[in-house]
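Welcome! Please take a moment to look over the sequence and the 3D picture, and then we will walk through them topic by topic.

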Amino acid sequence: MRASAYHLKPAEIKKLIIATSSFRDRCIIKSLFWLGLRRKELCGLDIRDIDFQRKRVTVKGKGDKIRIIPIVDDEFLSDLKHLIGARKDGPVFLSNQSQPVSLRLVNHIIEKVGEQANIENPHPARRHLNPHIFRHSIARFLKSKGFSAEWIQNFLGHESFKTTMDMYGTISIDEMQEIALRKLGE
């Protein structure tokens, strides 16, 4: 099975959010999920990158490519506003020492929250949850809601349509089972 087939279900994401020990960590998990951010993109996110009026985030992605991501969840948008407060610029996510969160800290937060929520990485070769699983999870979630592969490609910032199709163009075994239950249950 391809690595891309491994993702968390929405109920597991909610369980992780509930298990966080701080509001900042909750916002980190929501950002990784709702924005499909890579870990480096999350750490580099600046307050000025968020357009609260238009519900958009500008992200400097892989290869310094810029992409604009719509914020599709109003509760998440409200959480970001609360986290940022009166600050006008600077990193969105700060460590306890008021420094930008590091890649290592993000890994640690995700691993710790996974343990607290008792959620393991669905990939059998991985011991702990990692930030990238949220990218796969939002892509699968959006696909299950009927978003096109082209939309998901732009959302994730994939240069090639082939990359998106290779990773998310097929349905998962869970989706196959749901379809079978619906069709055979008629």
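A residue is called buried when its relative accessible area is under 20%, exposed when it is over 50%, and partly exposed in between, using a 1.4 Å probe and protein chains only. This is a predicted model, in which local features need pLDDT of at least 70 and side-chain atom pairs count only at pLDDT 80 or more, while totals for chains, interfaces and linings use all residues. Residues are numbered from 1 along each chain as its sequence is written, and side-chain values use heavy atoms, with hydrogens and water left out.

**The chain as a whole**
- The protein chain has nine helices and three strands; helices (H or I, at least four residues) and strands (E, at least two) are DSSP runs numbered from the N terminus.
- Along the sequence, the elements follow the pattern α-α-α-β-β-β-α-α-α-α-α-α.
- The protein chain has 186 residues, and 41% of them count as buried.

- Glu41 sits in helix H3 (residues 39-44).
- Its relative accessibility is 4%, so Glu41 counts as buried.
- Setting aside neighbours within four places in sequence, the contacts of Glu41 (heavy atoms within 4.5 Å) include Lys60, Arg67 and Arg135.

- Ile13, Leu16 and Ile17 are the buried residues in H1.
- Seen down the axis of H1, these residues fall within an arc of 100°, so they line one face of the helix; the arc is that of the directions from the helix axis to the C-beta atoms.
- An α-helix has 3.6 residues a turn, so residues three or four places apart point the same way.
- Exposed residues Ala11, Lys14 and Ile18 are carried on the face turned away from the buried side of H1.
- H2, H5 and H6 are what the buried residues of H1 pack against.

**Where H1 meets H5**
- The axes of H1 (residues 10-19) and H5 (residues 103-117) come within 8 Å and cross at roughly 100°; axes are lines fitted to C-alpha atoms, for helices over the stretch in contact, and angles run from 0 to 180 degrees between N-to-C directions.
- H1 provides Lys15, Leu16 and Ala19 to this contact, and H5 provides Val113, Gly114, Gln116 and Ala117.

**The nonpolar core**
- A nonpolar core is a set of buried Ala, Val, Leu, Ile, Met, Phe, Trp, Tyr and Cys residues joined through side-chain atoms within 4.5 Å.
- The largest one has 46 residues, and Leu16, Val92, Phe93 and Phe134 have the most contacts inside it.
- Beyond its neighbours within four places in sequence, Phe134 is in contact with residues including Ile13, Leu16 and Ile110.
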